[in-house]
Amino acid sequence: MKICFNQATTMKKSNLEMDLILSEKIGYDLIEIRLDKLRDYLRTHTVRDLADFFKTSRLRPFAFNALEGIIFRDGTAYGQIKEDLKFLCEVGDQINCKKIVVVPSFDIGDYTKTEIKDESVRVLRDLGAFAEKYNTKLAYEFVGYPNCAVNTFGQAYEIVKAVDRDNVGLVLDCFHFHAMGSRLQDLKAADPDRIFIFHIDDAEDLPIGALRDDKRLWPGEGAIDLDAILSTLRDIGYHEMASVELFRPEYWELDIEEAIRVGKEKTEEVVGKYFPIG
Ligand code: ZN
């Protein structure tokens, strides 16, 4: 399993340049780049600078995070999503980063699950057809909040299956999986090729529906049954990557290098019980 750093973990104090240098130094295989951090970086650098970094590093870019709120949008908002998609596809082309996380919308009102599925399928087919021109894949990330339109693994999996495009799959984030009580049996029945990205993290022990991102913890330090998720991934044959993704304000206050190092150590400790690292 390759170990990946997700920039959310150091979101407050770091920037793309520092995250790149430190992730390389600490020995991560991969990095997930945040759209906001990329935009900041490009105020003082060029895409060529970024491509040059990866030419001389061992670290590889794995995915961009994220296009948010992609369903039930009006024409203007959807136009912006498509512009951002084009931007990420073009940057991705130059640095060979060929995956983009896409996130459902929140607080959409009283749509039924069928309506949410139909809308998700329509939008993911449209965005997927565009991304295809750049040989880029889209990973739909369900969010384990009660007010997210797609908030369990089973619901997200049904959607990406219905989309039926090779370049549309999903993100499995342990926090989101746990937070709304996604079922292991749904993961057991999943085709590992539909899982494009695996986010690893842990969480405080709150009831279903009560967790928010600030309650994330380092892998192995919380209440999520990571052993069950990891052993199931091994059983179904997923073994590509694990990306440590925290949004915890206390961790944002840590020394950046320390946070990036701890993230790798904690991830390897948990993942290493089920997979060879690297
Ligand atoms: Zn995630």
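User: Are helices α2 and α4 roughly parallel or roughly perpendicular to each other?
Analyst: This is a predicted model, in which local features need pLDDT of at least 70, side-chain atom pairs count only at pLDDT 80 or more, and totals for chains, interfaces and linings use all residues. Numbering starts from 1 along each chain as its sequence is written, and side-chain values use heavy atoms, leaving out hydrogens and water. Helix α2 (residues 35–44) and helix α4 (residues 75–95) have axes 12 Å apart, at an angle of about 65°. With 65 to 115 degrees as the range for this class, α2 and α4 are therefore roughly perpendicular.

User: Which residues of α4 does α2 meet?
Analyst: Happy to list them! On the α2 side, the residues are Leu35, Leu38, Arg39 and Leu42. Across from them (contact is heavy atoms within 4.5 Å), α4 brings Asp84, Phe87, Leu88 and Val91.

User: How far do the protein donors lie from the zinc ion?
Analyst: The donors (N, O and S atoms within 2.8 Å of the metal, or 3.2 Å for Na, K and Ca) come from Glu141 (OE), Asp173 (OD), His199 (ND1) and Glu245 (OE). Their spacing in sequence is E-x31-D-x25-H-x45-E.

User: How many residues apart in sequence are the parts tied together by aspartate 173 and histidine 199?
Analyst: Aspartate 173 is buried (under 20% relative accessible area, 1.4 Å probe), at 0%, and histidine 199 is buried at 0% too. Aspartate 173 sits in strand β6 (residues 168–173) and histidine 199 in strand β7 (residues 195–200), so the parts they tie together are apart in sequence by 26 residues.

How values were computed: Helix = DSSP H or I, 4+ residues; strand = E, 2+ residues; numbered from the N terminus. Buried < 20%, exposed > 50% of the residue type's maximum accessible area, 1.4 Å probe, protein only. Axes fitted to C-alpha atoms, helices over the stretch in contact; angles between N-to-C directions. Parallel < 35°, antiparallel > 145°, perpendicular 65-115°, else oblique.
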